[in-house]
Amino acid sequence: MASRLIFKTLSRRHRLCSTSPPFLSKTSASRSASTLVVAEHEGGSIKAQSLSAVVAATSLGDDNSVSLLLAGYGSSLLQAAERAATCHPSISQVLVADSEKFANPLAEPWAKLVQLVQQKGGYSHVIATSGSFGKNILPRAAALLDVSPVTDVVEVNGPTQFVRPIYAGNALCTVRYTGANPCMLTVRSTSFPVPPLAADSKSNGAPISHVDLSTLDEDSIGKSRYIKLSSEDTERPDLGSARIVVTGGRGLKSAENFKMLEKLAEKLGAAVGATRAAVDAGFVPNELQVGQTGKIVAPDLYMAFGVSGAIQHLAGMKDSKFIVAVNKDADAPIFQVADYGLVADLFEVIPELLEKFPEKK
Ligand SMILES: Cc1cc2nc3c(=O)[nH]c(=O)nc-3n(C[C@H](O)[C@H](O)[C@H](O)COP(=O)(O)OP(=O)(O)OC[C@H]3O[C@@H](n4cnc5c(N)ncnc54)[C@H](O)[C@@H]3O)c2cc1C
């Protein structure tokens, strides 16, 4: 590898613009905050991404009381609620909606549930993370409550002022919410990392109460039907929260060649990601897509092989702490955001890395 051009790039991740409208007025949301966090759970535990929404809620104001809403059906829901009650010091109560209607995350019943809980609790803010779960539910719930949601928030500057990316992340826009309560937000989990102390950090659990579902409006429930969940059975970490992500682009050329990348990921304990071009070509399933229309990731180390660095791809990974890119084209835009770039043929580099990295114990 020594004969190849290796360079370290210096500048990346610029804010191109920041706008703040001068004409904005104070809203009801700016009084003392009470926040409903719409959380996701799996296997009896609250998902780490949902804890990021709790972290975002803590920036809304010092006297903010945070209620966590968990819905589902049966024992794993109750187990998740018990764990959630002790998982973050800022959670003041856990609300549980236990019904067969919430056995699967269908948007219609969930949106109705958020509407019901909001009408009873009168929260100033409702927050979910910007994953497929939150993006599916929150805008519908906002429509039912007749408010406009602020989506994809990356910074909270008080109860009504938020920063969100525009133009596929090329510019950051400061916006102020001027509508009626509740102010509804989806937040990027990568922008609100959960500090290690948050795990099981509350010795006295927050109270858990059951939501009274007797008045749940069931009008539109049943319009969609859950068919099945298909996901890959893999021991690799989840792409959204992995510390290392190894991504392949069209340069990998085939599904067969992607297996090299999977081996590399196994050795590094990394998740595998892909560009949309690689997904569209059928090399890997859609759930691995990173970018504007895929997952947003910000791992400690992001390794990109055969990825050109299109703006829509950068939108999903440019906040990674350390970016390494391998591309045979020295002018590929990925090198503008890479901390280390290697101009080389990936079909030589990956086998060499596989040989040099020790087996994972
Ligand atoms: C609305 C919209 C949304 C989009 N959303 C996303 C998104 O979420 N995520 C996403 O990724 N894209 C997205 N795209 C697509 C995006 O514009 C690009 O087309 C895509 O990211 C390109 O993928 P790529 O880098 O794999 O392919 P290419 O741009 O074709 O780049 C392949 C790279 O591989 C290099 N290469 C080839 N062979 C080798 C080799 N042997 N060794 C080393 N390097 C090699 C080439 O030099 C080239 O730079 C979106 C586009 C639109 C319009």
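Helix 4 (residues 132-145) has 14 residues and spans 20 Å from first C-alpha to last, close to the 20 Å expected at 1.5 Å a residue; the expected span is 1.5 Å times one less than the number of residues. Helices here are DSSP runs (H or I, at least four residues) and strands likewise (E, at least two), numbered from the N terminus. Keep in mind that this is a predicted model: local features need pLDDT of at least 70, side-chain atom pairs count only at pLDDT 80 or more, and totals for chains, interfaces and linings use all residues. Residue numbers start from 1 along each chain as its sequence is written.

Which residues of helix 4 are buried? They are Phe133, Gly134, Ile137, Leu138, Ala141 and Ala142, where buried means 20 or more other C-beta atoms within 10 Å of a residue's own, with C-beta atoms placed from the backbone. Looking down the axis of helix 4, these buried residues fall within an arc of 130 degrees, so they line one face of the helix; the arc is taken from the directions from the helix axis to the C-beta atoms. Their cover includes strand 2 (34-38), helix 3 (107-121), strand 7 (125-129) and strand 12 (183-187).

In helix 2 (residues 75-85), the buried residues are Leu77, Ala80, Ala81, Ala84 and Ala85. Down the axis of helix 2 they sit within an arc of 135 degrees, so they line one face of the helix. They pack against strands that include strand 5 (65-72), strand 6 (91-98) and strand 13 (208-210).

## Strand 16 and its partners

Strand 16 (residues 301-305) is mostly covered, with 4 of its 5 residues buried. It pairs in the parallel sense with strand 14 (residues 244-248) over 5 bridges, and strand 16 also pairs with strand 17 in the parallel sense over 5 bridges. (Two strands pair if DSSP finds at least two bridges between them.) Leucine 301 is the bridge partner of isoleucine 244 and stands opposite phenylalanine 322 in strand 17.

## Around the ligand

There are 28 residues around the ligand, and Gly249, Gly251, Ala277, Gly291 and Ser308 come nearest; to be near, a residue's C-beta atom, placed from the backbone, must lie within 6 Å. Helix 6 gives the largest share of this shell, 3 residues. Helix 6 (276-280), helix 7 (311-314), strand 17 (322-327) and helix 9 (346-356) each supply at least two.

Note on methods
A residue is buried if 20 or more other C-beta atoms lie within 10 Å of its own, exposed if 12 or fewer, and partly exposed in between; C-beta atoms are placed from the backbone. Two residues are in contact if their C-beta atoms, placed from the backbone, lie within 7 Å.
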